[in-house]
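This briefing sets out the main features of one protein model, grouped by topic. Please read it alongside the sequence and the structure displayed here.

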Amino acid sequence: MIIYLNGEFVPREKAVVSVFDHGLLYGDGVFEGIRAYHGRVFKLGEHLDRIYEGARAMCLEIPATKDEMQEIVLETLRRNKMSDAYIRLVVTRGVGDLGLDPRKCPKAFIFCIAASIVLYPDELYKNGLSVISVSTRRNIPTACIPRVKSLNYLNNIYAKMEANLGGVPEAIMLNNEGYVAEATGDNIFIVKKGVLITPPSSAGILEGITRNAVMEIARQKGISVEEKLFTMFDIYTADEVFLTGTAAEVIPCINVDGRIIADGKPGEMTWELIAAFHELVKADGPLIYPGVGVSKK
Ligand code: PMP
């Protein structure tokens, strides 16, 4: 495995960061989880926009242009001869002293890993997930902005721990007002009477790129899509529930807090959106190996 590490491509054993890096010391940094499918990097432009916006919100200057960052991602895939991958692009505040002041870190540090990921077992994609709502609330936007995909994931880790302790693979987090926000690393959708509903970004969520892609697919299919606040009641009484994320892709939920959703099987609209999503990923995003033709899986 070859990893991009701040200007160099190095083998995995050499891919190390300093113990004085503020990404490690304070979770001070931003990252992206990105996927490549069939020789293309899905929604790479959107991922780059999000990491630059997050960095801007935290006054973190990324020492590379967007075009250079795109090339870092593509070249990391090429060096690993990969056409399908899960990519982790990270920008940390860089090396400073033991004080938390970001001004002590003269230069941000960039690394990029091309690997793979399996978030949930295959069986759950066919039969659906059981999830629970947890007591850990999603970070409030006036404290740790959920729209920034920062390296500070302790909020989500607490919720994941609750899911683990509850014996289910995923947790639903509410915002501080008690409205549904999202899962620990995924966005949430419900279907009610043919309408597709997901919390708005003002609910205090990470605005997922898969979420936005699924909403776009649905609109193109003529499905009504609403971004609005809802509560656990709306989930318990929904016709369908599913989660979206780069790592998770689109996965149905069939049991929430012990309530069986509808007839306990993934719903029709969920299947339709899953199929359309898998079609979209074949055609979207820059080619990793331009001129070579798109690789087949
Ligand atoms: N919410 C959170 C908290 C996440 O960490 C993620 C993915 N990493 C998502 C939602 C889904 O976002 P995306 O579709 O862009 O991967």
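Two strands are taken to pair if DSSP finds at least two bridges between them. By that criterion, strand E1 (residues 2-5) and E2 pair in the antiparallel sense over four bridges. The model is a predicted one.

**The six-stranded sheet**

- Six strands form an open sheet in the order E2-E1-E6-E5-E3-E4, and their pairing is antiparallel.
- Strands of a sheet pair through backbone hydrogen bonds, in either a parallel or an antiparallel arrangement.
- Helix H2 (residues 44-57) lies across strand E3 (29-37), E4 and strand E5 (85-92), and H2 runs at about 175 degrees to E3.

- Strand E10 (residues 187-192) has five of its six residues buried, so E10 is largely enclosed by the rest of the structure.
- E10 runs antiparallel to E13, and five bridges join the two. Ile 188 stands opposite Leu 243 in E13, and Val 191 has Glu 240 of E13 as its bridge partner.
- E10 also pairs with strand E11 (residues 195-198), in the antiparallel sense and over three bridges. Here Lys 192 stands opposite Val 195 in E11.
- E10 and E11 form a hairpin with two residues between them, and Lys 193 in the turn has a positive phi of about 50 degrees.
- In E13, six of the six residues are buried, so this strand is largely enclosed by the rest of the structure.
- Glu 240, Phe 242 and Thr 244 point one way from E13, whereas Val 241, Leu 243 and Gly 245 point the other way; all are buried.
- E13 pairs with strand E14 (residues 249-256) in the antiparallel sense over five bridges, and the hairpin that joins E13 to E14 passes through three residues. The bridge partner of Leu 243 in E14 is Ile 251.

**Nonpolar cores**

- In soluble globular proteins, nonpolar side chains tend to be buried together.
- The largest nonpolar core has 30 residues, and those with the most contacts inside it are Val 41, Met 69, Leu 77, Ile 87, Leu 89 and Val 91.
- E3, H2, helix H3 (66-79), E5 and strand E6 (109-115) each supply at least two residues of this core.
- Apart from this core lies another, of 24 residues, among them Tyr 125, Leu 174, Ala 248 and Val 256.
- Leu 77 touches Ala 36, Val 41, Met 82, Ala 85, Ile 87, Ala 114, Ile 288 and Tyr 289, when residues up to four places away in sequence are not counted.

**Pocket and cavities**

- The largest pocket has a volume of about 570 Å³.
- This pocket is lined by 31 residues, of which Phe 31, Lys 149, Tyr 153, Thr 184 and Gly 185 lie nearest its centre.
- Elements that give two or more residues to the lining of the largest pocket are E3, E5, helix H5 (154-166), strand E9 (180-183), helix H6 (209-220) and strand E13 (240-245).
- A search of the whole structure finds three cavities of 30 Å³ or more, and the largest cavity has a volume of about 60 Å³.
- Residues lining the largest cavity include Arg 138, Cys 144, Pro 146, Lys 149, Tyr 153 and Leu 206.

**Individual residues**

- Arg 50 is placed in helix H2. This residue counts as buried because its relative accessibility is 13%, and buried means under 20%.
- Leaving aside neighbours within four places in sequence, Arg 50 is in contact with Glu 32, Lys 149, Leu 206, Glu 207, Gly 208 and Ile 209.
- Most residues other than glycine have a negative phi.
- His 38 has a positive phi of about 50 degrees although it is not a glycine. His 38 is found in the loop between E3 and E4 and, at 15% relative accessibility, counts as buried.
- Ala 262 likewise has a positive phi, near 50 degrees. Ala 262 is found in the loop between strand E15 (259-260) and helix H8 (268-283) and, at 47% relative accessibility, counts as partly exposed.

Terms used: Residues numbered from 1 in each chain as written. Predicted model: local features only at pLDDT ≥ 70, side-chain atom pairs only at ≥ 80, totals over all residues. Heavy atoms only, no water. Contact = heavy atoms within 4.5 Å. Axes fitted to C-alpha atoms, helices over the stretch in contact; angles between N-to-C directions. Core = buried A, V, L, I, M, F, W, Y, C linked by side-chain atoms within 4.5 Å. Buried < 20%, exposed > 50% of the residue type's maximum accessible area, 1.4 Å probe, protein only. 1 Å grid on protein atoms, 1.4 Å probe; cavity = no way out; pocket = protein on both sides within 12 Å on 5 of 7 lines; lining within 4 Å. Points joined across faces, edges and corners; volume = space filled by probe spheres on them.
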